[in-house]
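User: Hi! I'm new to looking at protein models. Could you walk me through this one?

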Amino acid sequence: MTEHYCRQCVELLMDYVEGRLSPQDKVTLDEHFAKCPPCLDFMRSYRETPRIMREATATKMPVEVKQKLRLFLEQKKRMQ
Amino acid sequence: MTTTAEPPVNGKSDLALIARVRSGDEDAFDALVERYQDKVYGLALRLSGNSSDAEEILQDTFLQVYRKLDQFREEARFSTWLYRVATNTALMHGRSKRRHQAEPLDDYLPKFDETGTFASSADFGRAARADELLERKQLAQKALEAVDRLSDLYRAVFVLRDIEDLSTEETAEILGLDPGVVRTRLHRARLMLRGYLGNLVGGES
């Protein structure tokens with residue numbers, strides 16, 4: 001493994017966080033993380049991004065939107 | 001005691017409800033709407049970026065489902081078919097209503113120097129704590145804006161796979177893509193959004 005592995009590390013992150021890397025590649029990446037704090041931080045933030053985005057965009061459908069949907073569909077069905 | 005009455009629609013499977021809709025049972029269609037309206041609204045909101053468009057997409061989606069239910073083939077899951085209708089409706093809606101091209105998020109992709117090392121010594125760790133560092137309402141607004149700034153290529157993949165938590169295969173089926181293409185686009189979307197969060201919390205420029 002070269003010293004300058006960050007670009008390759010980023011390319012492999014998806015497989016790393018999803019546990020799809022070969023055992024050998026996983027060891028290589030873990031060794032790189034141990035001596036490259038920026039890559040370790042990058043991996044952690046990459047891994048957390050879907051959760052943060054999912055929680056931040058979570059929404060409850062407003063009751064009035066449900067009511068308008070029901071009225072809309074009733075009206076359209078009558079026109080069929 | 002036995003009864004010949006039909007069981008209530010709420011406990012029935014999707015396929016059982018669809019069979020009843022096809023035989024003219026309107027209550028069964030209402031039960032399908034009740035079952036999936038929150039999911040479709042959430043998907044529409046994340047794909048469109050605003051509540052008024054999401055409401056129109058929601059209505060158009062269920063109207064199309066009502067009109068096109070005959071086209072649903074039972075070898076597919078109903079939820080997959082419904083998500084495809086909703087996603088296509090949202091993407092078409094976006095193309096016709098988007099007044100300006102959103103500023104893309106490519107600038108937030110990681111940058112490397114000629115040796116393959118990160119070009120800046122940014123604090124990449126702050127992005128992982130964006131939900132702790134930002135006020136919830138502010139993050140919610142910025143997150144929707146960020147998803148909206150992804151191009152169609154990336155937005156639908158990210159929303160279906162990472163937000164709605166569908167599998168890669170199901171996402172590929174809904175979008176008519178190869179699973180490998182889904183993974184490539186998902187990775188790039190995650191990188192852009194990760195960088196966006198990092199910039200938002202002041203760790204990266």
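User: What pattern does chain B follow along the sequence?

Analyst: Chain B reads α-α-α-α-α-α-α-α-α. That is nine helices and zero strands, where helices (H or I, at least four residues) and strands (E, at least two) are DSSP runs, numbered from the N terminus. A quick note on the basis: this is a predicted model, where local features need pLDDT of at least 70 and side-chain atom pairs count only at pLDDT 80 or more, while totals for chains, interfaces and linings use all residues. Residues are numbered from 1 along each chain, chains are lettered from A in the order in which they are written, and side-chain values use heavy atoms, without hydrogens and water.

User: Okay, and what box do the C-alpha atoms of chain B fill?

Analyst: Roughly 75 × 40 × 35 Å, taken along the principal axes.

User: How many of the residues in chain B are buried?

Analyst: Of its 205 residues, 51% are buried. Buried means under 20% relative accessible area, exposed over 50%, and partly exposed in between (1.4 Å probe, protein chains only).

User: Which residues have the most contacts inside the largest nonpolar core?

Analyst: Those are A:Met53, B:Phe62 and B:Phe78, in a core of 89 residues. The largest share, twelve residues, comes from helix α2 (residues 26-48) of chain B. A nonpolar core is a set of buried Ala, Val, Leu, Ile, Met, Phe, Trp, Tyr and Cys residues joined through side-chain atoms within 4.5 Å.

User: What is A:Met53 in contact with?

Analyst: Leaving aside neighbours within four places in sequence, its partners include B:Ala143, B:Val147, B:Phe158 and B:Leu197. Contact means heavy atoms within 4.5 Å.

User: New topic: how many aromatic pairs are there over all chains?

Analyst: Eleven. Rings of Phe, Tyr and Trp (its six-membered ring) pair if their centres lie within 6.5 Å; planes under 30 degrees apart count as stacked, over 60 as edge-to-face and the rest as tilted. One of them is A:Tyr16 with A:Phe33, edge-to-face at 5.2 Å centre to centre and 75 degrees between the planes.

User: Which parts does that pair tie together?

Analyst: A:Tyr16 lies in helix α2 (residues 13-17) of chain A and A:Phe33 in helix α3 (residues 23-35) of chain A, so the pair links parts 17 residues apart in sequence. A:Tyr16 is buried at 16% relative accessibility, and A:Phe33 is buried at 5%.

User: And how are B:Phe112 and B:Phe118 arranged?

Analyst: They are stacked, 5.2 Å centre to centre with 25 degrees between the planes. Together with A:Phe42 and B:Phe124, they form one aromatic cluster.
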